[in-house]
Structure formats: C-alpha cells, structure tokens
Amino acid sequence: MRKIINSTYVSLDGVIENPQNWTSAYFQDEAAAYARELLFSCGAVLMGRKTFDGFSQAWPAMEEATGDFGVRMNSLPHYVVSDSLRKPGWGDTTAIPRAEAVAEITKLKEQDGQDILQYGFGPVTRTLVEHGLLDELRLWIHPVLVGPRGTDELLNADEFSATFELSDTKVFTTGVIIATYVPTAR
C-alpha cells in the first residue's frame with residue numbers, strides 16, 4: 001500500500017501561510033536535495049484547492065529555473081480535493097469532490113506505485129488524519145518568527161486533535177529542522 005506523506009513548511013510561531021515570503025533564505029543545497037529526494041520518491045501529488053491554485057499558477061513557469069524538479073512537479077498526476085474546480089488545467093490533474101475524498105484517496109493508497117505527496121496543512125490533511133489515511137507528517141520548522149498571524153496557521157485547528165510520534169529528524173546547517181511524525185493510535 002502506498003503511503004501519504006505530508007510536507008509542510010512552518011515558522012516557529014506556527015505560521016504556514018505564504019511560505020514563499022519567509023522560507024527562501026533557508027532553502028539552500030541541503031533543503032533542495034531533501035525536497036528533490038522526497039518529490040522523486042513519490043508518484044502523485046495530493047492537495048487542497050488553495051495549494052492547487054498556487055502550484056498550478058507557479059510551477060508551469062518554473063521548469064526552466066528548476067530543471068528536472070519542475071518537470072517532475074508538472075508531470076506527476078495531481079489530485080485536488082475541491083467541490084468547485086471543474087477544469088483543472090494543470091497537466092494530469094483530477095478533481096475529487098469533498099464528499100468522495102475519503103473513498104477516492106483510499107483507492108489511491110491501495111494502487112500500486114510510489115507514495116503520494118501532499119504539500120501544506122489544511123482541511124484535506126485534517127480529513128486524512130481523521131480517517132487514518134495520513135502516514136507521515138514532515139514539518140519543515142524554520143527558525144523564524146513570522147508574526148502577525150494570518151488565517152493559515154498550523155495550530156489553528158478548531159475542534160481537531162491528533163497525536164503523533166516522532167520517527168525521524170533532520171537538521172540543516174541553516175537551522176531548519178525537518179521533524180517527521182507518524183500518527184499514533186487514538
């Protein structure tokens with residue numbers, strides 16, 4: 001069975017919103033190599049609508065600057081959970097209605113192939129956790145306080161709770177820590 005691996009950038013104060021504004025100084029060779037290894041170990045990308053909108057606008061124009069990473073990002077099958085997306089328009093993208101998300105994502109996990117990568121933490125991730133579909137949560141903890149907080153914070157999870165066990169850590173010379181967690185039984 002394929003695993004679903006979530007990869008989320010987070011600041012010390014729990015902000016995940018607009019990471020392009022505060023992560024670039026920390027994205028050096030170590031982080032690039034780790035991100036590449038993660039992307040190339042996966043055979044599909046799963047995301048919510050907000051992440052899809054950002055990625056589908058940015059990545060097609062980034063192939064030249066990012067080489068085979070950008071080609072891989074653009075050519076992998078993409079799955080986006082959305083009730084309003086009708087014509088995705090970014091490579092091999094399939095829209096999954098929210099009401100069918102658990103069943104469809106379960107089917108994806110049961111297929112043969114490489115793991116499934118999910119970027120960002122939001123309603124789709126909460127659904128994955130609540131239904132036992134998320135296998136790993138990899139938090140890229142950046143040594144920066146972003147302040148003032150917006151609407152997208154890792155810790156802004158009304159009526160949502162989960163417990164995890166630390167399974168691995170990587171520390172980059174920039175101070176970024178990748179903490180990998182696996183869900184524990186409730």
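Student: What makes strand E6 (residues 136-142) mostly covered?

Tutor: In E6, 6 of the 7 residues are buried, where buried means under 20% relative accessible area, exposed over 50% and partly exposed in between, with a 1.4 Å probe and protein chains only. Strands here are DSSP runs (E, at least two residues) and helices are too (H or I, at least four), numbered from the N terminus. Keep in mind that this is a predicted model, where local features need pLDDT of at least 70 and side-chain atom pairs count only at 80 or more, while totals for chains, interfaces and linings use all residues. Residues are numbered from 1 along each chain as its sequence is written, and side-chain values use heavy atoms, without hydrogens and water.

Student: How do you know that E1 and E6 pair?

Tutor: Two strands pair if DSSP finds at least two bridges between them. E1 and E6 have 7, in the parallel sense, so they meet that definition. One of the bridge partners is glutamate 136 in E6, facing up with isoleucine 5.

Student: And what sense does the pairing of E6 and strand E8 (residues 177-183) have?

Tutor: Antiparallel, over 5 bridges. Leucine 137 has tyrosine 181 in E8 as its bridge partner.

Student: Why does the span of H1 agree with what it should be?

Tutor: The expected span is 1.5 Å times one less than the number of residues. For the 12 residues of H1 that gives 16 Å, and the end C-alpha atoms are 16 Å apart, so the two agree.

Student: Which residues of H1 are buried, and why do they line one face?

Tutor: Ala31, Tyr34, Ala35, Leu38 and Leu39 are buried. Seen down the axis of H1, the buried residues fall within an arc of 130 degrees, so they line one face of the helix; the arc is that of the directions from the helix axis to the C-beta atoms. On the other side of H1, Asp29 and Glu37 are exposed.

Student: Why is serine 56 called buried?

Tutor: Serine 56, found in helix H2, has 18% relative accessibility, so it counts as buried. Its C-alpha atom is separated by 12 Å from that of serine 75, 19 residues apart along the chain.

Student: Which helix gives the most to the lining of the largest pocket?

Tutor: H2, with 6 residues.
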